[in-house]
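Welcome, and please open your viewer before reading on. We will go from stop to stop, selecting one thing at a time.

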Amino acid sequence: MKIFVFTSFIVFLFTIISPVEIFADSALDVYMNDFYSKSNEASQILKEVEKSLKEGSRKNVCSRQREAARLGLLANKSLIKAFQIEGANPPMQAIKASQQRWESIMNKC
């Protein structure tokens, strides 16, 4: 019994004293995850809008398109920040084309 208590005490001390490394996302990972999640959500909203329109329903189409466009624009900002953190030049031509597309969706409704 004494050996069990002693061993338990040693194991307990070892787990308290030993350093535990926390694997946190880097800032780059945070912005890239934000970009992917927002762009995927925006694309999903647009697919739902397209499906609704094919079914003949125009219910909440404009508000959902604006929400998708808002998410798309935020995704572009996250992508630019990720490139800045990485120290690389972002593909501004592609990002500007994407931004114009999202602004067009937002303004034409």
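The model is predicted, so to speak of local features pLDDT of at least 70 is needed and side-chain atom pairs count only at pLDDT 80 or more, while totals for chains, interfaces and linings use all residues. Residues are numbered from 1 along each chain as its sequence is written, and side-chain values use heavy atoms, with hydrogens and water left out.

Colour the chain by accessibility next. Of the 109 residues in the protein chain, 24% are buried; buried means under 20% relative accessible area, exposed over 50% and partly exposed in between, with a 1.4 Å probe and protein chains only.

Now select residues 27-54, helix H2, together with residues 61-86, helix H3. Two packed helices are described by the angle between their axes and the distance between the axes. Here the axes come within 8 Å and cross at roughly 160 degrees. Axes are lines fitted to C-alpha atoms, for helices over the stretch in contact, and angles run from 0 to 180 degrees between N-to-C directions. The crossing angle makes H2 roughly antiparallel to H3 (under 35 degrees counts as roughly parallel, over 145 as roughly antiparallel, 65 to 115 as roughly perpendicular and the rest as oblique).

Keep H3 selected. Helix H3 has 26 residues and reaches 37 Å from its first C-alpha to its last, close to the 38 Å expected at 1.5 Å a residue; the expected span is 1.5 Å times one less than the number of residues. Gly-87 follows H3 and has a positive phi, near 85 degrees.

Go back to the loop between H2 and H3, where you will find Asn-60. Asn-60 is not a glycine, yet its phi is positive, about 60 degrees. Is Asn-60 buried, exposed or partly exposed? Asn-60 is partly exposed, with a relative accessible area of 46%.

For the last stop, pick Leu-46 in helix H2. Which residues does Leu-46 touch, not counting residues up to four places away in sequence? Leu-46 touches Gln-65, Ala-68, Arg-101, Trp-102 and Ile-105, with contact meaning heavy atoms within 4.5 Å.

Conventions. Helices (H or I, at least four residues) and strands (E, at least two) are DSSP runs, numbered from the N terminus.
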